[in-house]
Amino acid sequence: PKGWITLGIETSCDETAVSLVQDGRKVLSNMIASQIPEHRKFGGVVPEVASRYHLECIHQVVEEALTKSGKTLKDIHQIAVTYGPGLVGALLVGVAYGKAMAYALEVPLNGVHHIEGHLQANFIQYPELEPPLLALIVSGGHTHLIKMETYGHYEILGKTRDDAAGEAFDKISRALGLGYPGGPFIDEQAQKGNPEAILFPRALMEEDHYDFSFSGLKSAVLNYLNSCRMKNIEVSIPDVAASFQKAVVDVLVKKTMACAKDQGLSQILLSGGVAANSLLRNSLQEACKLQGKTFYVPEMSLCTDNAAMIACAGYHDYCLGYRSGWDLNAKASIPI
Ligand code: KG4
């Protein structure tokens with residue numbers, strides 16, 4: 001349908017986001033109300049606090065997204081909303097709001113998988129992009145290697161068995177007394193440090209699967225910090241940050257490239273909040289160049305949680321014939 005306008009809603013974690021997207025790829029507005037300052041004092045996202053903030057601001061974010069796009073409610077052809085995975089209470093706010101809107105406007109409703117949204121953010125940035133491809137999705141809650149054979153066909157080839165990559169960054173940042181969310185602080189400190197200073201473990205590197213594990217690395221860094229404290233050895237924060245970051249990135253890049261090679265995939269996508277990491281972006285880009293693969297990464301506002309990616313994914317789901325009913329419900333975890 002030409003000129004089709006999708007209103008996307010995303011409330012799976014600590015961002016209330018609403019976006020209007022035309023024909024699945026052209027972003028008319030992309031509004032985000034972030035709650036990060038509210039959660040910072042707790043050192044992480046507090047689910048109950050998150051749902052309350054979503055409830056308080058979702059209406060205003062919808063109004064702003066409409067105003068910014070120059071459209072009115074009458075112009076909306078479809079509602080797309082994240083229904084999982086994520087924090088159930090947070091998701092529920094978006095799902096209830098999206099359902100009510102679709103019902104009142106008498107337009108179709110599509111519940112969207114959050115990870116599918118992250119992957120589809122690349123289609124907004126690169127309108128010419130077509131599957132098949134391999135996507136590495138790395139965020140505070142997810143670490144997934146996904147093969148997209150064609151629209152609507154996803155296969156998870158690898159995922160974390162414990163902590164997500166972003167979660168590891170956040171926990172190590174806290175242990176080093178840096179801020180929340182941790183990724184940007186570690187990234188910054190790492191620029192001043194030596195990545196070879198401390199040899200932290202790279203888990204599951206030699207095994208013949210593409211799963212990840214970051215909890216052993218996290219424990220190794222915590223043990224290192226404790227033993228320095230006990231022996232009264234001064235800790236170099238930049239060196240720990242650089243060595244930790246290098247350990248995470250080495251594993252992510254090596255597994256992604258091995259997977260792409262084994263699967264015969266020549267397009268590699270990166271997305272999710274951790275895609276902001278400078279070493280990860282550069283290393284994956286470099287590895288792709290060396291191995292003749294094409295590398296795609298969306299601009300930062302499309303990598304972190306946003307609703308444009310949800311509208312984009314909802315549009316493609318609609319084109320494939322999928323529709324959600326009024327029984328659409330929020331789900332903490334769902335298969336892709
Ligand atoms: O996708 P995202 O915005 O949201 C959720 O996962 O909900 O990702 C946030 C995650 C956090 O864990 C944050 O520490 C991480 O992305 N992150 C980074 C960087 N910037 C954000 N991790 C590593 N390096 C960065 N520069």
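How far apart are the centres of domain 1 and domain 2, taken over C-alpha atoms? Before I answer, please keep in mind that what we are looking at today is a predicted model. The chain is divided into domain 1, which covers 5–121 together with 303–319, and domain 2, which covers 132–297, and the centres of these two domains, taken over C-alpha atoms, are separated by 27 Å.

The two domains also touch, and their contact takes 13 residues from domain 1 and 20 residues from domain 2. If we look at the side of domain 1 that touches domain 2, the elements that give two or more residues are helix 1 (36–40) and helix 4 (114–125), and the largest share, 5 residues, comes from helix 4. Sorted by class, that side of domain 1 has 6 nonpolar, 5 polar and 2 charged residues.

Let me turn now to the ligand. In total, 19 residues surround the ligand, and the closest are G140, G166, G183, G273 and N277. Helix 5 (165–175) and helix 6 (182–190) each supply at least two residues of this shell, while the largest share, 4 residues, comes from helix 6. By class, the shell around the ligand consists of 6 nonpolar, 10 polar and 3 charged residues.

Next, I would like to look at a pair of helices. Two packed helices are described by the angle between their axes and by the distance between the axes. For helix 8 (residues 237–263) and helix 9 (residues 278–290), the axes come within 10 Å and cross at roughly 30°, and the crossing in which helix 8 passes helix 9 is right-handed. On the helix 8 side, the contact is made by Q245, K246, V249, L252, V253, T256 and M257, and on the helix 9 side by L279, L280, S283, L284 and A287. By class, this contact of helix 8 with helix 9 has 8 nonpolar, 3 polar and 1 charged residues.

Is M300 buried or exposed? M300 has 11 other C-beta atoms within 10 Å, and because a residue counts as exposed if that number is 12 or fewer, M300 is exposed. The C-alpha atoms of M300 and P238, which stand 62 residues apart along the chain, are separated by 24 Å.

Methods. Residues numbered from 1 in each chain as written. Predicted model: local features only at pLDDT ≥ 70, side-chain atom pairs only at ≥ 80, totals over all residues. Near = placed C-beta within 6 Å. Nonpolar A, V, L, I, M, F, W, Y, C, P; charged D, E, K, R; others polar. Axes fitted to C-alpha atoms, helices over the stretch in contact; angles between N-to-C directions. Left-handed = near helix turned anticlockwise from the far one by under 90°. Contact = placed C-beta atoms within 7 Å. Buried ≥ 20, exposed ≤ 12 C-beta atoms within 10 Å, placed from the backbone. Domains from an automatic or database assignment.
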